[in-house]
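Work through the exercises below with the sequence and the model open. Each task is followed by a solution in steps.

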Amino acid sequence: MSEVRIPFLDLHAATAELRQQLDQAWARVLDAGWYVGGGEVAAFEQEFAASIGAPFAVGVGNGLDAISLALQALGVAAGDEVIVPAHTFIATWLAVRMLGAIPVAAEPEAGRFNVSARTIEPLITPRTRAVIAVHLYGEPVEIEPVAELCSMHKLVLIEDAAQAHGSVRHRRTVGTLGDAAAFSLYPTKNLGALGDAGVLTIASESLREQLLRLRNYGSLHKYQHDIEGRNSRLDSLQAALLRVKLQALPQWNERRRRIAALYSEQLRGIDGLSLPQTLPGNEPVWHLYAIMTQRREALARFLAARGIETMRHYPQAVYRTPPFAAFGPPRITDSDRIAAEQLSLPIGPHLSAAQAGEVIGAVHEFFR
Ligand SMILES: Cc1ncc(COP(=O)(O)O)c(C=O)c1O
């Protein structure tokens with residue numbers, strides 16, 4: 001294996017660009033002496049909600065908790081069925097299982113990575129309570145027909161927006177398209193903390209209160225426990241650092257869009273290579289740039305030999321993983337095909353156009 005020359009994502013460069021402001025934020029928290037919740041968290045919640053155009057945001061411990069707290073706050077309970085994409089990160093499914101609910105796998109729409117109303121509708125039964133729409137790789141789900149289905153069948157619609165901070169669908173920002181939205185703020189995300197963190201966006205004041213209780217032992221006031229909650233609070237330090245990174249997010253998303261545009265223009269028309277398609281009305285933030293080829297393994301090795309790091313998102317459909325083996329169909333599905341053929345090229349706000357050019361050159365060389 002050659003030395004990595006073009007990393008998949010350069011987090012050192014991200015920290016270096018904001019180092020001074022991050023140091024100041026860190027010092028502010030040390031001086032304040034308040035380390036969980038508090039003013040930094042409240043300020044981050046307000047600023048994040050404003051950036052999304054959502055009435056409220058609630059900070060939590062991580063993205064997995066954000067999804068399961070959304071389900072819980074919206075009344076999903078043990079035994080309920082929740083429709084989830086087969087092709088997603090395992091956390092979407094684990095959040096459902098955390099409540100004892102049952103994940104029901106929806107396949108991606110033909111030629112796409114995301115689910116659609118067409119793949120969801122046949123799965124609805126009298127036991128279905130919720131649908132989780134994952135805006136995978138930063139590309140928004142075609143949400144309008146899904147929302148219509150949910151409203152017709154009285155289902156809760158939750159967005160898993162872990163990969164889509166700032167993505168837009170028909171001028172509405174992801175995070176405002178369902179009953180609640182869950183964002184991971186894991187360090188590699190478009191908006192990433194310097195540790196684990198998560199946040200939810202919601203439109204209703206009562207839902208906000210319920211989430212504030214659930215994240216803090218069921219309590220809004222010290223030692224007054226109204227419901228069975230958990231501990232999933234956001235650290236003050238992470239909130240302070242996230243406030244700095246939130247300011248950089250629009251510009252960093254724009255840089256990702258430029259890299260994606262370079263890839264899409266200059267990798268077009270290669271035989272045996274499919275490029276990601278964006279739906280009309282979508283302005284994705286390109287958390288990942290996902291290509292498909294039957295020669296995936298050979299291409300990944302070829303790029304690695306040239307110092308270009310790539311990743312597979314994800315090498316198995318969730319229902320092929322041991323904890324969920326009982327949930328999958330025995331036949332090969334579209335999700336299995338994606339798992340076998342998908343490859344993520346390097347992308348991030350600190351990948352230069354020259355580096356993207358090198359990746360493009362190497363991909364052309366491989367297919368020649
Ligand atoms: C689609 C998706 N959902 C949920 C999560 C879970 O987030 P976290 O790792 O912050 O728990 C992630 C990322 O890890 C993700 O990519």
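Buried means under 20% relative accessible area, exposed means over 50%, and partly exposed lies in between (1.4 Å probe, protein chains only). Helices (H or I, at least four residues) and strands (E, at least two) are DSSP runs, numbered from the N terminus. The model is predicted: local features need pLDDT of at least 70, side-chain atom pairs count only at pLDDT 80 or more, and totals for chains, interfaces and linings use all residues. Residues are numbered from 1 along each chain as its sequence is written, and side-chain values use heavy atoms, with hydrogens and water left out.

**Exercise 1. Helix H4**

Task: state how many residues of H4 are buried, and describe what lies at its ends.

Solution. Step one: nine of the eleven residues of H4 are buried, so by the cut-off above the helix is mostly covered. Step two: the buried residues include Gly63, Asp65, Ile67 and Leu71. Step four: after H4 comes Gly75, with a positive phi near 90°.

**Exercise 2. The ligand**

Task: find where the ligand sits, which residues are closest to it, and which polar atoms face it.

Solution. Step one: the ligand sits in the largest pocket. A pocket is defined on a 1 Å grid over the protein atoms alone, as an open set of points with protein on both sides within 12 Å along at least five of seven lines; a molecule sits in one if more than half of its atoms lie within 2 Å of its grid points. Step two: 14 residues surround the ligand, the closest being Gly63, Leu64, Asp160, Ser184 and Lys189; a residue counts if one of its heavy atoms lies within 4 Å. Step three: a polar backbone atom of Leu64 is 2.8 Å from a ligand oxygen. A side-chain N or O atom of Asp160 is 2.8 Å from a ligand nitrogen, and a polar side-chain atom of Lys189 is 3.2 Å from a ligand oxygen. Step four: of the 390 Å² of accessible area that the ligand has on its own, the protein covers 91% (Shrake-Rupley method, 1.4 Å probe). Step five: helices H4 (63-73) and H5 (91-97) are the elements that give two or more residues to the shell, and H4 gives the most, with three.

**Exercise 3. Loop residues**

Task: are Ser116, Tyr223 and Trp286 buried or exposed?

Solution. Step one: Ser116, in the loop between strand E3 and helix H6, is buried at 6% relative accessible area. Leaving aside neighbours within four places in sequence, Ser116 is in contact (heavy atoms within 4.5 Å) with Glu109 and Val146. Step two: Tyr223, between strands E10 and E11, is exposed at 69%, and its phi is positive, near 65°. Step three: Trp286, between strands E12 and E13, is buried at 12%; its phi is also positive, near 50°.

**Exercise 4. A cis peptide bond**

Task: which residues does the cis peptide bond join, and where is Tyr314?

Solution. Step one: the bond joins His313 and Tyr314, with omega about 10°. Step two: Tyr314 lies in the loop between helices H10 and H11.

Key: Polar contact = N/O pair within 3.5 Å; in protein donor to acceptor, adjacent residues only side chain to side chain. 1 Å grid on protein atoms, 1.4 Å probe; cavity = no way out; pocket = protein on both sides within 12 Å on 5 of 7 lines; lining within 4 Å.
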